[in-house]
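Hi,

Here is the structure I promised to pass on. My notes follow below it.

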Amino acid sequence: MRGMIQAKPNAGQPTPTYSTGGGGRKKGVCVRPWLVLYSSGDEPKLIGKHDIMRRTGLPARDLRILDPLLSYPSSVLGREKAIVVNLEHIKTIITPQEVFLLNSGDPLVSPFKYELQRRILCHHHVSKPQEENSEGEAHIYTRIDPSQGEAGTPQLFGNQGSDVAKKDAKQSLENQDGSKVLPFEFVALEVCLESASSSLEQEALRLELEAHLALDKLTSKISTFNLEQVLQIKTRLVNITGRVQKVRDELEHLLDNDENMAQMYLTEKLAQEVENSDLLEGDEEDRLASEANRDESYLKANDAHDLLTSELNGNSRGTHASPTRSAMSYKFNIKELEMLLEPYFVQIDGTLNKLSTLKEHVDDTEDYIKIKQDGEQNRLLQSNVKATTATLLLNAFIVVAGVFGMNISIELFKDEKNGPMIFLCISLGSIFGWLFLYAVIIRWFKYKRWIIE
C-alpha cells in the first residue's frame with residue numbers, strides 16, 4: 001500500500017511563493033516586477049528593483065516610498081536622473097527615456113498603463129520626424145577631410161558639430177513647425193496626474209450620489225439601518241477627503257518650490273550634460289596644447305618658473321568656469337511645468353471643495369436629525385408631565401372615594417331618600433373639581449413655559 005499510494009504534501013494548503021532570484025531569500029517573499037515602457041515605443045519588459053536602482057541611481061529609500069505594503073502619503077519627487085511619482089494607485093519612476101511602472105497587472109493600474117502606452121506612442125510619432133530632420137542636417141554639414149584618417153573621416157565645420165549635437169539632444173522640445181513639444185518626462189507625468197485626479201474625482205462623484213440617497217432616506221425615516229448607512233458614508237467621506245487633501249498639498253508644495261520643479265527637467269538637464277561634456281573635452285584639448293607649447297618655452301626661456309605659475313593660474317580659472325556654468329544651467333524656465341501642473345491642481349482643488357460641501361450637507365442633515373429627535377423627546381416629556389399631573393389629581397379623587405367608603409355609621413348613609421342624590425352630587429363634584437384643577441395646573445405649566453405646544 002505504501003508503494004501504491006503517494007501522499008501529497010501540504011494537501012489542501014496554498015502553495016508557498018518563492019522568489020525568482022537569489023538563493024538566500026526566504027520563502028513567501030514575492031518579488032514585485034517593474035514594467036518598463038520605452039519612449040521609442042518598443043515592447044515593454046519586466047525588470048527587478050536592483051536594475052532600476054542601477055539605471056536611475058535612486059536610493060532604496062525612494063523605492064520604499066512606492067512599496068504598496070507601506071502606507072506612504074502621495075508625493076512627487078524630482079531627483080537628479082528621475083521623477084518618483086506616488087499618487088494613489090499610480091507608482092512610477094520616470095526618466096528621460098523610460099517609465100518604470102509597479103503593479104502593472106493590477107486592475108486599477110491597467111487603464112493607466114494602456115493610456116500611458118498610447119501617449120508614449122503619440123509622442124514618439126511626433127518626435128520621430130524631428131530625428132530624421134536632425135540626421136539630415138548632420139549629413140549636410142559633414143565633409144571629407146583626406147588629411148584625417150584613412151580614406152578621409154567625416155568631419156564637421158567649426159562649431160557646427162556641437163550645434164547639431166545640441167539639436168539632437170533637444171529634438172523632443174521643438175516641432176518642425178516651431179511649436180513646443182512636451183519632453184517625454186512631462187508627457188508621462190501628465191498621464192499620472194490625469195489618472196490620479198480623474199480617479200479621485202470619479203470616486204467623489206459616486207460617493208456624492210450614494211450620500212444624497214442615504215441622507216434622503218434618513219430624513220424621511222429615522223431608523224437604525226439608515227443611520228448605519230449614513231455612518232458608513234461619513235467614514236468613506238473622511239477617508240477620501242484625506243487622500244484628496246494630500247494630493248492637493250503635494251501639488252501646492254511643488255508649485256511653490258521652483259527648485260523641485262527645475263529638478264524635473266530631465267531632458268534639458270541631459271542636454272546640458274552633453275553640452276558641458278563637449279565643453280570639457282574642448283578645454284582638455286586646449287590644456288594639452290598649452291602644456292606642449294609650455295614645455296618648448298621652458299627650454300628657451302629663463303623665467304620658466306614665473307611662466308609656469310601664470311599658466312597654472314590661467315588653467316585654474318578656466319577649470320572652474322565649467323562647474324559654474326553647469327550649476328547655472330539647471331535654472332530652467334519652469335513656466336512650462338507650472339502650466340502643466342496648475343490645471344490638475346485646480347481639478348483636485350475642485351474635488352476637495354465638492355467633498356467639503358458634501359461634508360457640510362452631511363453635518364447639516366445630522367443637525368436636522370438631532371433637532372427632530374430633540375423635538376420628539378420634548379413631546380414625550382410633555383406627555384409624561386401631563387400624565388403625571390392627571391394621575392396626581394386622580395389619586396385625590398380616589399382619596400375622596402376612600403373616605404366615603406369607610407365602614408362608619410353616619411346619618412348621611414341612613415337617609416334613604418336623599419342618599420342617592422347626595423352620592424351623585426359628590427361624585428360629579430369630584431370629577432368636575434378634578435378637571436378644573438387639571439386645567440389650572442396645565443395652564444400654569446404653559447405660563448411657566450414648562451410645556452410648549
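How many of the five residues of S4 are buried? Five of the five are, so S4 is largely enclosed by the rest of the structure. "Buried" here means under 20% relative accessible area, with exposed over 50% and partly exposed in between (1.4 Å probe, protein chains only). Strands (E, at least two residues) and helices (H or I, at least four) are DSSP runs, numbered from the N terminus.

Before the rest, some ground rules. This is a predicted model, in which local features need pLDDT of at least 70 and side-chain atom pairs count only at pLDDT 80 or more, while totals for chains, interfaces and linings use all residues. Residues are numbered from 1 along each chain as its sequence is written, and side-chain values use heavy atoms, with hydrogens and water left out.

**The sheet**

S4 has both faces covered: Ile 83, Val 85 and Leu 87 are buried on one side, and Val 84 and Asn 86 on the other. It belongs to an open sheet of six strands with antiparallel pairing, in the order S2-S1-S6-S5-S4-S3. S2 (45–47) and S3 (75–78) are at the edges with a single partner strand each, so one side of each has no neighbour in the sheet. On average, neighbouring strands are turned by 20° against each other, direction ignored; the axes behind that are lines fitted to C-alpha atoms (for helices over the stretch in contact), and angles run from 0 to 180 degrees between N-to-C directions.

Two strands count as paired if DSSP finds at least two bridges between them. Going along the pairs:

- S3 and S4 run antiparallel with four bridges, Gly 78 being partnered by Ile 83 in S4. A hairpin of four residues joins the two strands.
- S4 and S5 are antiparallel too, joined by five bridges, and Asn 86 has Lys 91 in S5 as its bridge partner.

**Two backbone angles to look at**

The hairpin of S4 and S5 has two residues between the strands, and Glu 88 takes a positive phi near 55° there. With 19% relative accessibility, Glu 88 counts as buried. Asn 103 also has a positive phi, near 60°, in a residue other than glycine. Asn 103 sits in the loop between S6 (98–102) and helix H3 (110–140), and is partly exposed at 25%.

**Aromatic pairs**

There are three of these. Rings of Phe, Tyr and Trp (its six-membered ring) pair if their centres lie within 6.5 Å; planes under 30 degrees apart count as stacked, over 60 as edge-to-face and the rest as tilted. One of the pairs is Trp 434 with Tyr 438, stacked at 6.0 Å centre to centre with 20° between the planes. These two are four residues apart in helix H12 (419–447), and therefore separated by about one helical turn. Trp 434 is partly exposed at 23%, as is Tyr 438 at 24%. Another pair is Trp 444 with Phe 445: the centres are 5.9 Å apart and the planes at 45°, so this pair is tilted. Trp 444 is partly exposed at 43%, whereas Phe 445 is buried at 12%.

Cheers
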